[in-house]
Amino acid sequence: MEDREISDILIHWYEGNKRDLPWRKTSDPYLIWISEIILQQTRVVQGLEYFNRFTERFPNVAALAGADEDEVMKYWQGLGYYSRARNLHAAARQIMNDFGGVFPRTREEVLSLRGIGDYTAAAICSFAYRLSYAAVDGNVFRVLARLFDIDLPIDGGEGKKYFTALAQSLLDERRPDLFNQAMMEFGALQCVPKSPDCESCPLNGKCLGLSARRVERLPVKNGKTVVKPRYFNYLYVHGQGMTLLSKRMGNDIWRNLYEFPLIETERAVTWEELSGMVVFQELFDGIENIEIVREYVAKKHVLSHRVIFPVFYEIRIDSFSRSMGKYLKVPDDRVGEYAVSRLIQSYLEVRDGLLF
Ligand code: SF4
């Protein structure tokens with residue numbers, strides 16, 4: 001099968017089927033970069049909304065670099081995978097410091113930015129500068145595995161190298177931007193993960209996976225991700241018009257997002273067990289009136305490598321203990337201004353709707 005022929009068919013298909021998306025109408029590397037980072041792990045419909053809001057507030061590298069990290073996180077709230085936002089912010093500052101505020105133009109320089117790997121560098125360089133680098137995302141892996149009937153695992157080192165080289169060999173060097181977009185859109189809309197409509201596919205006469213009847217079994221993946229359970233007991237403590245919050249630090253999920261005081265336990269615990277713990281007693285040491293307003297067992301919260309079993313205890317107090325000094329005291333009506341995880345956000349929504 002002629003490489004050029006496949007690429008021509010894909011581009012022709014793309015021109016008739018592509019979705020109308022703002023980042024496809026620009027060659028501004030900054031906007032392309034933001035869209036690519038947002039679209040990692042995020043569906044296009046949801047990503048579009050965030051893209052518009054984010055780029056309206058931070059229209060260029062300088063605006064993003066000059067912003068406070070808390071504000072950047074707030075604009076990212078609800079999207080998940082928050083290291084993406086932290087990296088965007090850090091990379092914007094890198095561009096200001098190391099590249100005089102001008103978005104770098106070579107693949108090596110683009111790759112030197114925080115949070116940018118091979119795929120994103122290839123996407124930016126091909127879309128913004130029309131450089132000939134194949135951008136291989138999950139959609140492209142799937143299309144290639146099926147089209148060429150390849151059962152090398154796509155999540156292993158060998159498979160990654162192989163598929164990247166294959167995509168590179170198919171790339172139409174006259175129009176690398178269109179080729180990459182076409183491949184990805186084809187995977188997203190036509191050669192979809194489950195039950196693709198092969199009958200209507202313009203490549204069905206050339207698809208080796210289809211003729212071998214192996215479409216549903218491709219691509220092949222190595223192992224399953226181990227998902228670890230975690231038990232989060234949140235204490236929504238408020239009194240005198242103030243609510244306690246803290247910023248998550250350390251190398252863990254939701255770093256730099258805000259949350260209520262948290263006691264994490266090895267297993268699910270009852271209120272009696274929790275309130276008997278030393279850490280709990282120390283927190284409330286010296287407070288006379290503690291009123292447990294409500295207990296709310298939220299639905300389990302599934303992340304890529306973790307499943308969180310959250311319980312929220314709303315606790316009203318009439319004074320603050322000394323050990324609460326390590327928390328932020330935020331006026332009750334300003335809690336919504338802080339960037340929080342989707343889990344905390346849903347709790348606040350439930351609380352506001354009094355749907356306990
Ligand atoms: S024929 Fe089916 S499996 Fe093959 S490329 Fe087309 S949609 Fe994908």
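**Close-up 1. Lys247 and Asp70 form a salt bridge in this predicted model.** The closest N and O atoms of Lys247 and Asp70 are 3.0 Å apart. How many salt bridges does the rule find across the interface of domain 1 and domain 2? It finds one. Polar contacts also link the two domains: eight residue pairs are counted between domain 1 and domain 2, with both residues of a pair at pLDDT 80 or more. On the domain 1 side of this contact, helix α5 (residues 69-76) gives the most, with four residues. By class, that side has four nonpolar, four polar and four charged residues.

**Close-up 2. Glu71 and Arg57 meet in a salt bridge.** Their side chains come to 2.7 Å, N to O. Glu71 lies in helix α5 and Arg57 in helix α3 (residues 44-57), so the pair ties together parts that are 14 residues apart in sequence. Side chains of opposite charge can pair when their charged atoms come close. A search of the whole structure finds 24 salt bridges.

**Close-up 3. Domain 1 and domain 2 bury about 1,000 Å² between them.** Carbon and sulfur atoms give 40% of that area. Which three residues supply more than any other three to the area that domain 1 buries against domain 2? They are Gln77, Tyr82 and Arg86, with 43%. The size of an interface is often given as the accessible area lost when the parts come together.

**Close-up 4. The chain is divided into domain 1 (3-217) and domain 2 (228-353).** Twelve residues from domain 1 and 15 residues from domain 2 take part in the contact. The centres of the two domains, taken over C-alpha atoms, are separated by 37 Å.

**Close-up 5. Residues 38-189 carry the UniProt annotation "domain: HhH-GPD".** The annotation comes from an unreviewed entry. The span is 66% helix and 0% strand. How far apart do its end C-alpha atoms lie? They lie 19 Å apart.

**Close-up 6. The peptide bond from Leu218 to Pro219 is cis.** Its omega is near 0 degrees. Where is Pro219 found? Pro219 sits in the loop between α12 (208-211) and β1 (228-239).

**Close-up 7. Ser195 has a positive phi.** The value is about 45 degrees, although Ser195 is not a glycine. Ser195 is found in the loop between α11 (176-189) and α12.

Technical notes: Residues numbered from 1 in each chain as written. Predicted model: local features only at pLDDT ≥ 70, side-chain atom pairs only at ≥ 80, totals over all residues. Heavy atoms only, no water. UniProt positions renumbered as here; feature names shortened; annotations may be inferred. Helix = DSSP H or I, 4+ residues; strand = E, 2+ residues; numbered from the N terminus. Domains from an automatic or database assignment. Contact = heavy atoms within 4.5 Å. Buried area = accessible area lost by both parts, 1.4 Å probe. Salt bridge = Lys/Arg side-chain N within 4 Å of Asp/Glu carboxyl O. Polar contact = N/O pair within 3.5 Å; in protein donor to acceptor, adjacent residues only side chain to side chain. Nonpolar A, V, L, I, M, F, W, Y, C, P; charged D, E, K, R; others polar.
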